[in-house]
Amino acid sequence: AGFEVETGNTEEVELDVGYDVTRMFGAWELDNLAQLNFTEASEVRIQEEYRARLDARRTYGDRWSLENFIDAERDLFSGFDYRIAVGVGPGYRILRSDQLGWRVTLGPGVRFDKREDESTVDVNPVLSATSAFRWKPTSTLTFGNDIESTFGDGQVISVLSFGETNVFGRLKARLSYDVDINSD
């Protein structure tokens, strides 16, 4: 979570909240992500974004998995009322050790795009590709890079780079940089 207030010639207020939890159930792994981002400058809303993602992964052996995902996004300043992508595909662990981990997936899906000025929902087949890289140089420090992309009628790519450290118990502090690339 983050909160920022700036004053001067203009007043700006920003609120960023994120939730990212992974849970294992035997051969199943569930990744949950939720993000909220709001920014106001001189009492005018200039950013309002909501995003949620659920990945369900069933492992087969040490390296292979079958992965399903649903990703929902609403960005009031993107030109879309909402976007929802659903997909499935095989996953493969390229690296797996105590210090390094790298998993990639590739598979078909469908994306539902509702543009602001239209009453219909565009339904487009897509190819989904993801990459999740982790480097843990110490027991309390982790660096990572996640790439999520859908390619079809319009490409959507999200890149998240981060570093996190343990604060106490299961609580961690994270510094991250998130870039969203949208061809539309």
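I take buried to mean under 20% relative accessible area. I am working on a predicted model.

**Entry 1: salt bridges**

I looked up the total first. The structure holds 22 salt bridges. I then went through individual pairs.

I started with R51. Its partner is E148, with the closest N and O atoms 2.3 Å apart. R51 sits in strand 4 and E148 in strand 9 (residues 141–151), so this pair ties together parts that are 97 residues apart in sequence. I checked burial for the two residues. R51 and E148 are both buried.

Next I took R103. Its side chain meets that of E67 in a salt bridge, 3.6 Å from N to O. I located R103 in strand 7 (residues 100–115) and E67 in strand 5 (residues 64–75), so the pair ties together parts that are 36 residues apart in sequence. Both R103 and E67 are buried.

Last pair: K172 and E164. They form a salt bridge, and the closest N and O atoms are 3.6 Å apart. Are K172 and E164 buried or partly exposed? K172 has a relative accessible area of 41%, so I log K172 as partly exposed. E164 has 14%, so I log E164 as buried.

**Entry 2: N37**

I moved to strand 3 (residues 28–41), where N37 is found. N37 has a relative accessible area of 17%, so it counts as buried. What does its side chain meet? I found a polar contact of 2.7 Å between the side chains of N37 and D16. I also listed its contacts, leaving aside neighbours within four places in sequence. They are L15, D16, Q47, E48 and E49.

S42 is not a glycine, yet its phi is positive, about 50 degrees.

E43 is found in the loop between strand 3 and strand 4. Its phi is near 65 degrees, a positive value in a residue other than glycine. Is E43 buried or exposed? Its relative accessibility is 76%, and the cut-off for exposed is over 50%, so I log E43 as exposed.

Terms used. Residues are numbered from 1 along each chain as its sequence is written. This is a predicted model: local features need pLDDT of at least 70, side-chain atom pairs count only at pLDDT 80 or more; totals for chains, interfaces and linings use all residues. Side-chain values use heavy atoms; hydrogens and water are left out. Helices (H or I, at least four residues) and strands (E, at least two) are DSSP runs, numbered from the N terminus. Buried means under 20% relative accessible area, exposed over 50%, partly exposed in between (1.4 Å probe, protein chains only). A polar contact is a pair of N or O atoms within 3.5 Å; within protein, one must be able to donate a hydrogen and the other to accept it, and residues adjacent in sequence count only if both atoms are side-chain atoms. Contact means heavy atoms within 4.5 Å. A salt bridge is a side-chain nitrogen of Lys or Arg within 4 Å of a carboxyl oxygen of Asp or Glu.
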